[in-house]
Amino acid sequence: MATTDRQATTLALAHALSAAERGLAVIPLSRSKLPALRSPHRDDPEAPPCHGECGRFGHGVYDAATDPNRIRELFAAAPWATGYGIACGLPPHHLIGIDLDTKSDTDSSAALRELALRHLFTIPATVVVLTPSGGRHLWLSGPPDVVVPNSAGRLAPGIDIRGAGGYLVGPGSRTDHGVYATAPGTAHLAPAACPPALLRLLLPPPRTHHPTPPSAGDHGQGLVQFVLAAHEGQRNTRLFWAACRAYEDGIGPALVDPLVDAALNTGLTEREARATIASAARMTGHRP
């Protein structure tokens, strides 16, 4: 490994340990901003959903830890890591990340200001992380009894939300595009409480519940749970795999709505979910 990479890994570990001292659970990340440790079940598509119960590393945010010894073990297993991710939704902060992106044509900061004016809330002074692309991550703290889901562009174009099951790239991380850094004057702050009016916007609207049909049985419920366990980077893959299994087993039509509901809970849009399930139907020789 090049000296610069070793230095980046050492710095990433130091920053990760510092974040853990503040109660933030962390995992090592690669330069691509993805978890540095791959799933130990990646070669077994039939493996049931695992959140680390197997005792091995490679379960994304489910590996996240605040224990310094555990963090050192994670980084020792991933000596190529150059950054770290901070798991959202976990105590004590129940972190919510407001990702103001710069990749869309919309001014995401202006969109957030417009939402604040329309819904009568203000963003309090809080931790702000500057991204290499010119975006910003705002750190907010949520109530312990509320689960904020991940979403992309649902609040407004260019605004992504990192909630339960998601993670934020920590300041000090080095990626292919540059270094993440805390905005001046915010490093000493704790994540501020999310304004109630904003919190209401972050929660999904009530949906019609589609229970798993009795005809689908335990296998159908297992496929739904498999999709629900997906984190960012796995959502479409897991949904496609589960839908293929459902159609191959003759329960595809009965499982469409439960699978769509599960996919929505992971952050996919209904359009994305139904398109993926339709692709699975065609792949297995069925009519969507």
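# Briefing: Fold, Cores and Selected Residues

D99 is placed in strand β3, which covers residues 95-100. The model is predicted, and its protein chain contains eight helices and twelve strands. The radius of gyration of the protein chain is 20 Å, close to the 19 Å that the globule rule gives for 288 residues, so the chain is as compact as a globular protein of that length.

**D99 and its surroundings**

- D99 has a relative accessible area of 11%, and because this value is under 20%, the residue is classed as buried.
- Beyond the neighbours within four places in sequence, D99 is in contact with R136, H137, G158, I159, D160 and R162.

**Overall dimensions and contacts**

- The C-alpha trace of the protein chain spans about 55 × 50 × 35 Å along its principal axes.
- Among the contacts in the protein chain with a separation of 6 or more, 72% involve residues 24 or more positions apart.

**Burial, surface and charge**

- Of the 288 residues in the protein chain, 48% are buried.
- The protein chain carries 25 positive and 25 negative side chains, and a distance of 4 Å separates the centres of the two sets.

**Nonpolar cores**

- The largest nonpolar core holds 33 residues, and those touching the most other members are V26, I71, F75, Y84, I86, L95 and W139.
- At least two residues of this core come from each of α1 (3-21), β1 (26-29), α2 (68-77), β2 (83-87) and β8 (167-169).
- Helix α1 provides the largest share of this core, with five residues.
- Another core, of 24 residues, lies apart from the largest one and includes A243, I251, L255 and A280.
- With neighbours within four places in sequence left aside, the contacts of L95 are L24, I86, A87, C88, G89, L90, W139, L140, R162, L168 and P191.
- R162 is in contact with L95 and is also in contact with D99.

**G178**

- G178 belongs to strand β10, which covers residues 178-179.
- G178 and L223 are 45 residues apart in sequence, and their C-alpha atoms are 39 Å apart in space.

Methods: Residues numbered from 1 in each chain as written. Predicted model: local features only at pLDDT ≥ 70, side-chain atom pairs only at ≥ 80, totals over all residues. Heavy atoms only, no water. Helix = DSSP H or I, 4+ residues; strand = E, 2+ residues; numbered from the N terminus. Rg over C-alpha atoms; globule rule 2.2 N^0.38 Å. Buried < 20%, exposed > 50% of the residue type's maximum accessible area, 1.4 Å probe, protein only. Contact = heavy atoms within 4.5 Å. Lys, Arg positive; Asp, Glu negative; His and termini not counted. Charge placed at Lys NZ, Arg CZ, Asp CG, Glu CD. Core = buried A, V, L, I, M, F, W, Y, C linked by side-chain atoms within 4.5 Å.
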